[in-house]
Amino acid sequence: MKKYNFNAGPSKLPAEVMEAVSNACMDFEGSGLSLMEMSHRAKNFQPVVDEAIALFKELLNIPEGYSVLFLGGGASMQFCMVPYNFLEKKAAYMNTGVWAKKALAEAKLFGEVVEVASSADKTYNYLPTGYEIPADADYLHITTNNTIYGTELHEDLDAPIPVVADMSSDIFSRPVDVSKYVCIYGGAQKNLAMAGVTFVIVKDEALGKVSRQIPTMLDYRTHINGGSMFNTPPTVPIYCALQTLKWIKKEGGVEEMQRRAEAKAALLYGEIERNKLFVPTVANPKDRSYMNICFVMAPEYKDLEAEFLDFATKQGMVGIKGHRSVGGFRASTYNAVTLEDVQALVACMQEFESKH
Ligand SMILES: *Cc1c(COP(=O)(O)O)cnc(C)c1O
């Protein structure tokens with residue numbers, strides 16, 4: 001049966017990306033070796049890293065003076081690398097979800113942390129407004145898309161201090177004004193590649209300003225100087241990221257990804273609002289994520305939750321169970337998820353409604 005993959009991460013990838021990776025894993029560019037058994041310093045691997053970095057910069061229109069890094073450790077490792085490299089005395093953090101909260105907790109190991117705003121009072125189902133950013137903080141940390149709760153900041157924030165953003169689950173879903181940030185990072189496994197590689201965009205001149213000693217592997221400068229090759233990088237995931245970047249470019253770039261994301265989100269949120277069985281968890285349309293669309297059963301149909309999950313699963317829907325902290329359902333509609341995939345989910349919701 002055809003599967004419709006709405007997994008939150010690792011998540012759906014374009015078929016041609018997986019085909020290219022599979023081919024490279026059998027025979028890398030006719031070399032007679034698998035990409036898995038080659039040196040990362042092989043002459044024919046260096047172009048993979050170079051091209052991935054160049055395309056990354058091209059697609060996001062990254063200005064001069066920024067480096068793009070491919071590291072290990074996941075976005076979670078960045079929760080400590082960011083304060084290690086940027087927090088001298090005090091940092092400001094927005095608490096908009098579980099990942100944001102984890103980043104905030106980690107920063108406390110390095111200095112004073114101000115929680116600028118929080119939406120924890122309502123299970124993170126909205127984005128706070130009307131907060132004040134302390135002008136004397138070294139940076140403001142934000143999470144642009146809250147993967148678990150389905151809220152998303154759709155525009156680049158204007159802040160009086162340097163901004164650091166976790167863009168794990170919305171990178172390459174819209175154009176970003178990178179000049180407004182000193183650092184953007186994320187795990188690749190949501191919208192860029194298979195699991196195993198972490199991307200970091202960092203402003204070179206913002207580094208070297210903290211007085212503490214930084215362990216070599218946790219110092220961004222190590223990886224800038226080493227060209228993401230200081231130690232053995234995750235070669236296959238980087239190759240996978242390169243294939244996705246090529247696919248994004250071929251499909252029309254981040255503007256086209258944004259257009260598609262808006263169309264998919266409009267279709268699914270529209271159905272959630274129309275269908276008597278369901279309600280969205282994020283009430284304010286402005287705060288709703290285009291990447292992770294969360295909904296629950298309407299109160300009078302609460303008992304049908306397990307039945308709908310079963311019904312949808314039998315129709316090939318994968319990964320729509322909501323995160324355990326929210327319940328209900330979450331359909332992740334990353335770049336590789338097509339409008340047809342979302343149409344299939346909508347048809348499934350309509351069929352279920354007609355039975356009740
Ligand atoms: C998935 C996710 C993370 C954690 O990523 P890892 O690579 O597993 O460490 C952090 N932040 C956000 C916004 C995420 O969606």
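Predicted model: local features only at pLDDT ≥ 70, side-chain atom pairs only at ≥ 80, totals over all residues.
1. Helices, of type H or I and at least four residues, and strands, of type E and at least two, are DSSP runs numbered from the N terminus. On that basis, glutamate 29 falls in the loop that joins H1 to helix H2 (46-59). Glutamate 29 is not a glycine, yet its phi is positive, at about 45 degrees.

2. Proline 10 belongs to the loop between strand S1 (4-5) and helix H1 (15-26).

3. The ligand has 13 residues around it, and those that come nearest are Ser76, Thr147, Asp166, Gln189 and Lys190. By class, this shell holds three nonpolar, eight polar and two charged residues. Helix H3 (residues 74-86) supplies the largest share of the shell, namely four residues.

4. In the side chain of aspartate 166, an N or O atom is 2.6 Å from a nitrogen atom of the ligand. For lysine 190, an N or O atom of the side chain is 2.6 Å from an oxygen atom of the ligand. Alanine 75 takes part through its backbone: a polar atom there is 3.0 Å from a ligand oxygen atom. The ligand taken alone exposes 390 Å², of which the protein buries 88%.

5. Which pocket corresponds to the space taken by the ligand? The ligand takes the space of the second largest pocket, which holds about 270 Å³. Twenty residues, written 20 in the count, line this second largest pocket, and Trp99, Thr147, Ser168, Gln189 and Lys190 are the closest to its centre. H3 gives the most to the lining of this pocket, with four residues. The lining of the second largest pocket comprises six nonpolar, eleven polar and three charged residues.

6. The largest pocket contains about 360 Å³ of space. Its lining consists of 18 residues; Leu127, Tyr131, Leu153, Leu157 and Lys286 lie nearest the centre of the largest pocket. Sorted by class, the lining of the largest pocket has seven nonpolar residues, six polar ones and five charged ones.

7. The largest cavity has a volume of about 40 Å³. The residues that line the largest cavity are Lys12, Leu13, Pro14, Lys190, Asn191, Leu192, Thr244, Trp247, Asn335 and Ala336. Five of the residues in this lining are nonpolar, three are polar and two are charged. Lys190, one of the residues lining the largest cavity, is also among those that come nearest to the ligand.

8. The second largest cavity has a volume of about 30 Å³. Gly97, Val98, Trp99, Ala100, Thr143, Asn146, Thr147, Ile148 and Tyr149 form its lining. Helix H4 (residues 98-107) gives the most to this lining, with three residues. The lining of the second largest cavity has five nonpolar, four polar and no charged residues.

Key: Residues numbered from 1 in each chain as written. Heavy atoms only, no water. Near = heavy atom within 4 Å. Polar contact = N/O pair within 3.5 Å; in protein donor to acceptor, adjacent residues only side chain to side chain. Areas by Shrake-Rupley, 256 points an atom, 1.4 Å probe, with all protein chains shown as cover. 1 Å grid on protein atoms, 1.4 Å probe; cavity = no way out; pocket = protein on both sides within 12 Å on 5 of 7 lines; lining within 4 Å. Sits in = over half its atoms within 2 Å of the grid points. Nonpolar A, V, L, I, M, F, W, Y, C, P; charged D, E, K, R; others polar. Points joined across faces, edges and corners; volume = space filled by probe spheres on them.
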